[in-house]
Each structure stands twice: as C-alpha cells, then as structure tokens.
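Subject: Two-chain model, handover and notes

Dear colleague,

Here is the model for your files. My notes follow below it.

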Amino acid sequence: MSEAVAPALLAAPRAPGLNWRRAVPLLLVAPLLAFMLALYAAPVLAMLSRSLLEPAPTLAHYIELAGDEVFLKVFTNTLSTTVTVTLGTLLLGYPIALGMARARRLLPLILVIVLLPFWTSVLVRSYAWMVLLGRHGLVNEVLLALGLLDRPMRLLNTPLATQIAMVHILLPYMILPIANALRQIDPSLARAAAGLGAGPFGVFRQVTLPLSMPGVMAGVLLVFVLSLGFYITPALVGGPRDMTLSMLIAQRVEQLDWAYAATLSAVLLATALAIIALFQRVFGVGTAFRMSAR
Amino acid sequence: MEGASVTLSGLEKRYENFGAVRGVSIDIRSGEFLTLLGPSGSGKTTTLMMIAGFETPSAGDIAIDGRSVVALPPHRRNIGMVFQNYALFPHLTVAENIGFPLKQRGVPKPERARLVEEALELVRLPGYGARQPRQLSGGQQQRVALARAIVFKPRLLLMDEPLGALDKQLRESLQLEMRRLHADLGITFIYVTHDQEEALTMSDRIAVMNEGRVAQIGAPEELYDRPENRFVASFIGESNFLPATVRGREDGVLVAECAGTLVRATCAGTPATGEAVTLATRPERLRFVDGAWPAPPPANRMPVTVTEAVFVGERCRYLLRAEDGTALVLKEPSSAATRRREAGERAEVAWSVADTILV
C-alpha cells in the first residue's frame, strides 16, 4: 500500500495546482498512515462489518441488542464502573499532581512512585491485587490481626475490587497530564493572587484549579476511554456477575458468536467516540489548550 | 489618600549558604517614591519580596505604619504589587483581572464594575475591559497590571522591575506615567530596578544596594553629586577615580597630592595627613583649560595626554592619561565650534572643588 501512496506524492510538485510544501507533512505521516490502514483500520472494519453482514446484510443484531437484558445490564455496569474509576483517579490523582508540581527535591522520588506501576504489566498488577484482596490476602490478614474482623471479608471478585485495582492501574494517566498542566502555570500568578488578597484556598479555586483544567480534561478523557474497554483487571479481580462489555465480548468470541461480539465491539467503539465528541463540544478542548499555551 | 510609612529595621534573609539580604534598615516616608537600585544579586528583589510577604525574613522587622507585618501572610497585608512579567491571569478578562482584588474584598458587582472602569481610565485604557490579556501588547498588559494593583486603593504599591521587559521608548513613556500616577494617588511607592537612569528619573529617594546591604540612600542629586563610596560612584553614572595622598586641610577643604599636582576636594571626614585615598570626579565635569569654559577656570588642574577621542554625537568622549599613568575620561558637549582633539595631544584639564569627592 505504501508503494502505491509514496510515488503519487513524490510526483506532486510537478502536478499543477498542488503545493509541494503542503505535501511534505502528508509525506511524513504516509508510512504510519499506510501501516495503520493496512494492519488496524482494515481488520477492524472487516470485523465490524460482520455485525451488519452476517449472515446477510441486516440490522437484526443491533435491534436484538436493544432488547437484550444481559447486554443492558452489562452496559450499565460498564458505564458506572468507568464513571467511578474516573472520579476515583481524579480525586486521588489531583492532590498527587499538585504535590508533584510543587515538589523540588522530592520530585524524582514521586515520579518513580507514580511511574513504577506504569511500567509494570497490567496482568502482573492485577494478580498483585488478587494476592492483596484474597480471602487470606494481606488486607484481610491485617484487619483480622487488628481485631476489626472476626472472619475474612469477601473482597476479591466484587465490584469494589475491580474499582480499586482499576483506579490504581489508571492513576498515572490522570496524574501525569494534570501535573504537566500545573507545572506550566506561572508561579508568579499564585503570588499575584495572594498579594491581591486571595487566601490559600482562594488562590487554588480562582487561579490554580481553572488554569489546570486542560490537564484535568485530558486526564479524565484518557481514563474514561481506557476504563471503558478494560478487560484483564475486571476479568481477574471482578465478580462473575459484574460483567463488563469487554468481558462479554471475550465470552462471545470464545463461543464463536462472531456477529454478536462484533456488534458489541461496535457499541463500545461508538460509546468511546461519543464521549470524546462530547468533551470537545462541552469543554472545547481546543480553547483549553490555547489558554494554557500562554 | 495618605500613603503608608514603611520601616525596615535590621532586615536579613539568609539562604542555606549565603546571605541575600544582610542587615537593611530604611525608613520610608508616607507618600514617598523610593527605589531600591542595585545590580542583580544585590538583594533588592528579596527585600521587596519580604515586604510583600512572599519571603520570610531570617532576622529584623518590617513595620507598616508602625505595626509589624512580619507575621501576616501576603493576602492580609493589603499591598499592591506589580511584577516584571505582569502576572495577569490568562483565564480572566482584563476587567476580571482588575476586579480580582475587589472580589476578594467582597465589593458588590456594580460597584466593582465602576471601580474597574475608573482604574482603566487612570492607566489610559478605557473600554479595554472585555479583552483577554493575551490580546494586549506588553505595555498595555503592564498598565492593566498597574490598574489591578491600585484599584483596591492600597496605601503602598510595590513594583519589581515592572518595565524590564519593555523596549526603551515605551519604558520612558511609562516612567513618566508612573510619576504622574504617584503624584495623583499620593500613596507610597517602593520600586525595584537595576536601571540607574530609571531610578534617577522617577524616585524621590534611591537606596543603592550592593551585596545585601544599602550602600547609600538619598535623593538622586545627592547620590550623583556626593557618592559616599566607590560602589555608588561607579554604579550611578560614570566616575574618574584618582589615587591621591592627603597633604592637609585648607579652609575646610581637603588638599591631596595626585599625579604630581595638588588637588582640592570637599570631604566630610578627616583623613590623616599622608593617608592614601581615592578621589572621584564625573567625566562631564572635567573641562580642557583652553576650551570654552566660563571664567574663572576652576581650581583643580592637571596636565594630561589624550589617548583616544571618540565622537558620540551629542558629545565627544576623550580618554586621557595623567602623568602618573592614571586613566581619565572627559565628556565634552559637541559643537561645530569646538576643535576636536587628536590622540597624542597634550592638554590641561580642570574641574571644580565641589565636583571632587573623597570616596
């Protein structure tokens, strides 16, 4: 495919009406574009088309889905998990990001603590949570030893376990963009605000927080979209009854129900795209970025 | 409105291994325009930051109107402040920026809008309220920052090199505007700069700072005409330094021998006869004896050799050498009627006793 694209672009300067300079960026992205089209877009489209073309061109799978109680339950569960995880990472991540932005000597240490899990495989981290939350795991043992419990509490394979593990795994995606946005805020702005009569909380609410919003938006968007399609963690530490969309897709693929799995995938993709579009519209990501670029 | 009086007493700021401010005591009078002038690292900005409350003194006290403010956080000090980089809030409009201090003080909205428009008129930007700070030029942004710093009618305004980022012409017009504002408002201004010309143009008094201490404090003319030490003599304007030996006193005037000739100087102290001293005199106050000089020619004279002549437009600048090798600079207003001297020419220069200072 790249062979077909590149010569056409190289010929561009001689073609009337086509500006050579405008063709350069296109030429630079051409290899990646070709790679993505051939190895990503094409198979995804082929797979998604199964939801519309099997066994014959039809919308039956989507109509069926709208009335399917299992799907509706799973879909709601996925959305509520996603919202909880996003809020959880935001509430835990913002203070850490604030600390990172203010820290001088401790910054490398905080950075390593934040990034270490980030560099570890999701699978390993999910297993680690299984060890921690299990019936004889660290959490239960400590609570028993302290006399706070008489017998082990059921933690593993509950929605709470999924949420805790996902918050932990996705935290860096929230912290890093927020910390980055906070670091870009001119420190003299906080001083100016204090000098003009704003107390520490007033400075935060009226200056720091609004100026960090581009980072918050980026973090929320990242975590939201990522947790929407999370599979390994909910599958390992979540309960069998608290199925998420990705688990349902995997189950149907195992049952070789390709059309149903493809339909679910289409819904998942559409939801993610809808969320991104909503963010663009409501918060105007573009203007937010211009604001921070001062 | 009455300006605040500020008393700095024995103010110090030590960081781990160096003292940024090492014992600064200044009495700033109500309504005064005081400038802290010094090279970078002289402690002038640190001193200002301690007055504003952004730095905590290691020792000493800051009193505003006789009350110590060291324990007060910045937002309780009620001081206006203008930063070098303007520090306008980029997410707020010009009007919201100026209204910020009023909002913190619970001023109701309609009143706020009126005061903001008044402040905009004061800095000659009427009708700019709805703009975003980034839509304004540097000079306009600094005017907005100024409006924001005075809109809540503080009795003390601090400015940290507010014109440093602007070009020369804009700086000069804003200097005059600051003077006008100072006269209109009647409040106390404390201004930090490293630009001596700016300090001389605007201030009632200047505190020249060096290595964390005040080298001299006084009115601009006083600092220029009677510098008390070598640092002030060389930092404010240009000076010729003449090594000399004290020979005695005569009618309250110091007589010293310098490059083989006797030179007279005004001097407050009483250095002993035979002591080695340094005399200072300004280049523009030296004249060639045979040049256009109002009679009678001044008392101090010295034979010199011209080593270099530079024409700078409004004046000629001559580098001279005295007989003992001491280098001197002489600035002469240029005129088509004056003969230009050549390098290698011998001449005699003269200057008055009042313009000769012991440093």
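Two strands are taken to pair if DSSP finds at least two bridges between them. Helices (H or I, at least four residues) and strands (E, at least two) are DSSP runs, numbered from the N terminus.

This is a predicted model, in which local features need pLDDT of at least 70, side-chain atom pairs count only at pLDDT 80 or more, and totals for chains, interfaces and linings use all residues. Residues are numbered from 1 along each chain as its sequence is written, chains are lettered from A and ligands numbered from 1 in the order in which they are written, and side-chain values use heavy atoms, with hydrogens and water left out.

Hairpins in chain B

Strand S16 (residues 300-311) of chain B pairs with S17(B) in the antiparallel sense, over seven bridges. Phe311(B) lies opposite Cys316(B) of S17(B). The two strands make a hairpin with three residues between them, and Gly313(B) in the turn has a positive phi of about 105 degrees.

S17(B) is also joined to strand S18 (residues 327-333) of chain B by seven bridges, again antiparallel. Here Arg317(B) has Lys331(B) of S18(B) as its bridge partner. Four residues separate the strands of this hairpin, and Gly325(B) takes a positive phi near 95 degrees.

The covered face of S17 (residues 315-322) of chain B carries Cys316(B), Tyr318(B), Leu320(B) and Ala322(B). Its uncovered face carries Arg315(B), Arg317(B), Leu319(B) and Arg321(B).

The rest of chain B

Chain B has eight helices and 20 strands. Its C-alpha atoms fill a box of roughly 75 × 50 × 35 Å along the principal axes. Of its 359 residues, 51% count as buried (under 20% relative accessible area; exposed is over 50%, partly exposed in between; 1.4 Å probe, protein chains only). Contact means heavy atoms within 4.5 Å; among contacts in chain B between residues at least 6 apart in sequence, 67% join residues at least 24 apart.

One open sheet of five strands in chain B runs in the order S13-S12-S11-S14-S20, with antiparallel pairing. Strand S13 (261-265) and strand S20 (357-358) of chain B are at the edges with a single partner strand each, so one side of each has no neighbour in the sheet. S14 (residues 276-281) of chain B pairs with S20(B) over two bridges, in the antiparallel sense; Leu279(B) has Leu358(B) as its bridge partner there.

Chain A

An unreviewed UniProt entry lists residues 75-279 of chain A as "domain: ABC transmembrane type-1"; such annotations may be inferred rather than shown by experiment. Over that range the chain is 79% helix and 0% strand, with the end C-alpha atoms 20 Å apart.

An automatic or database domain assignment divides chain A into domain 1 (1-53) and domain 2 (61-118 + 162-292). Five residues from domain 1 of chain A and nine residues from domain 2 of chain A make the contact. The two domains of chain A bury about 590 Å² between them, 73% of it on carbon and sulfur atoms. Buried area is the accessible area (1.4 Å probe) that two parts lose on being put together, summed over both.

The interface of chains A and B

In chain A, 20 residues are in contact with 23 residues of chain B. The two chains bury about 2,000 Å² between them, 61% of it on carbon and sulfur atoms. Two salt bridges are found across the interface (a side-chain nitrogen of Lys or Arg within 4 Å of a carboxyl oxygen of Asp or Glu). Arg191(A) forms a salt bridge with Glu55(B), with the closest N and O atoms 4.0 Å apart.

Regards
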